[in-house]
Amino acid sequence: MSTLLEVSGVSVSFDGFKAINNLSFQIADAELRAVIGPNGAGKTTFMDIITGKTKPDEGRVVYGDRGDSLLKMSESKIAQAGIGRKFQRPTVFEDQSVFDNLMMALRKTRGPLAVLFFKPTPEDEDKVAQLASEIGLSAALHRKSGELSHGQKQWLEIGMLLAQDPRLLLVDEPAAGMTPAEREHTTDILREAAKTRAVVVVEHDMEFVRRLNCKVTVLHEGSVLAEGSLDHVTKNEQVIEVYLGR
Amino acid sequence: MSDVALGSRRQPFALRFPSVMVFLAILALFTLGVTILSEGFGIGVISTSFVKTLGKTLCLCLVALAMDLVWGYCGILSLGHMAFFGLGGYAIGMWLMYARTEIIVLESLAAAPLPPTPQEVSDGIASQIFGVVGASEFPPIWVFAHSLPLQLAAVVIVPGLLALVFGWLAFRSRVTGVYLSILTQAMTLALSLHLFQNDSGLRGNNGLSGLQNLPGLSDVPQSIVSMWFFWASALALGLGYLLCAWVVSGKFGSVIRAIRDDEARVRFLGYPVEAFKLVIFTLTAVIAGIAGALYYPQAGIINPAEIAPIASIYLAVWVAIGGRGRLYGAVIGAAFVSLVSTWFTGGQAPDINLGFYTISWVDWWTVLLGLSFVCVTLYAPKGIGGLVDLIVDRRSPNRHGADLGPDQGALREQEAEK
């Protein structure tokens, strides 16, 4: 397995506060990875850096087969290169139907003129219909997504991510606000997705991470504290101190 | 997945968007009605000056459509679109003024013993046009003024280019929200201050005048000319409405509404948000320019005051009162507010005598307009267009008997049916 994303020696500070401090991280082509850490460990900033929302003060972020630097690319270019992101709160376009949300996310040319003259083919509509059935929203396809329940919105957002067909999936606290049954389903989807692409899950619910059953990276004060299986990192003295101590 | 649900998307455009057809039908009926009642072509119930007012109103509706596209759909509160409107007016005004003056100069020189040289003609036109600002030579920007096709091209190109450059600078620096609004106000203010100068090349605060007279058609009475412009304005509004409806109906419309609602999220979907904004900003500037080019020949005069910042703010008020985010809302707002404004400021509205104070609407109209803007914003954000929802009783999408509300336990579809 080749490395898909390599973050090395990245630091960023906001008004003197070092949110990320000499962080290094690697993930392979088809890998599921959980990133855990207490509040303020820099999990979200870490995702912001990869997706281009925040530019680091120093360090390198290299992605893909050709080893392109993500630091020179805009958010939309990074997304087009195949990095999808799911936010902690479901952010779907509430004013528009489930169909329109999915159609917008579908992997297509993103330029304004191409979009202006875009006409969905029957295959595109079938693809959307298929995605909708995967996320259990077939019946709600023409409902405004603002009318959906919280869990359904989370599903829709995951569906939009899958529609983008990314090579690297960044998922921020997917299980937040979900029922146990929904969590179970989420784990399945994520594990399934990780068979063909890299998936990074940021979470601080240990139980959920245990169910993902994958390699874990522990962040603390902006850098990697420990890495390995969940059992391995939970035995780590420092990790115990960070999570339980003080 | 049922094909029934998808079937609705494969219907023809007209059936999916009935409001477009209704609008075009109303516009056609209105045009026909005005023609029949006009002095030029009908029974003469409507005076020529009122035909002009109606024609101008149609142009204002067109620029309001542009404003709705850029603000209501894409979320860019531009307070500078009347600058593009004015530029379109100046572009056509330059040709109208040049060509008409040329005829007058040629007539006066025809009596001379020697046939005039081109230089003499040109000097004659220049001193006629620019005598009022103490100049007698053509400024460089008048180089194309002799040519109707080139000035017509300028109607589209000048506003489009200004919007392209301004938008490119503003959007790539990620200027959004109120800061962008202020920037657009600064743009329109700077432009109007520049045009107020006598050496701006566009006759300073005198502006361009006599635009109602079409060169070479001095025999045609204004009652006929006004109808020509009225028809042209109606046609432009109809085509503009179709264009806007097409733009907002497909995936492009989906993306710009998404930009309005959550710009950052659209970026993470991979759409170049800045490019989309630039396309919309420029397209609407071009529409505004065309509207202006049809408006000012009916108004007869254009001067820099027309480009003052307040004009663009009025435009936003019209769209807000009419109901933004729906195309017919913008048209209703512009038509309603500008006609009512004509009525109030024209002195036709009866003053109200309170005994101790007389409310004279000429002065108090702006207060009333401001109040209604505040009230619409606070209590009826959907504007006048929202009334249409009440009338057609918007049908909810078919939910196959599922919950209606966002929560479990909300009314189910069967329960809600009447």
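This is a short tour of the model, stop by stop, with something to select at each one.

Before you start, note that this is a predicted model, where local features need pLDDT of at least 70, side-chain atom pairs count only at pLDDT 80 or more, and totals for chains, interfaces and linings use all residues. Residues are numbered from 1 along each chain as its sequence is written, while chains are lettered from A and ligands numbered from 1 in the order in which they are written.

**Stop 1: colour chain A by confidence.** The average pLDDT (the predictor's confidence in each residue, from 0 to 100) is 87 for chain A, and 98% of the residues score at least 70. Helices here are DSSP runs of H or I with at least four residues, strands are runs of E with at least two, and both are numbered from the N terminus.

**Stop 2: the open sheet.** Select β2, β1, β4 and β5 of chain A: in that order they form an open sheet of 4 strands with antiparallel pairing. Strands count as paired if DSSP finds at least two bridges between them. At the edges sit β2 (17–28) and β5 (68–69) of chain A, each pairing on one side only. Zoom in on β4 (58–63) of chain A, which 2 bridges join to β5(A); Tyr63(A) has Asp68(A) as its bridge partner there.

**Stop 3: the parallel strands.** Pick β7 (168–172) of chain A, where 4 of the 5 residues are buried, that is, have 20 or more other C-beta atoms, placed from the backbone, within 10 Å of their own. It pairs in the parallel sense with β6 (83–86) of chain A over 4 bridges, and Lys86(A) partners Val171(A). With β8 (198–202) of chain A, β7(A) makes 5 bridges, also parallel; find Leu170(A) opposite Val200(A). Follow the chain from β7(A) through α7 (180–193) of chain A to β8(A): this β-α-β crossover is right-handed (clockwise from first strand over helix to second, with the strands pointing away from you).

**Stop 4: over to chain B.** Here 30 residues of chain B are in contact with 33 of chain A, contact meaning C-beta atoms, placed from the backbone, within 7 Å. On chain B's side, α10(B) gives the largest share, 7 residues.

Technical notes. A residue is buried if 20 or more other C-beta atoms lie within 10 Å of its own, exposed if 12 or fewer, and partly exposed in between; C-beta atoms are placed from the backbone. Two residues are in contact if their C-beta atoms, placed from the backbone, lie within 7 Å.
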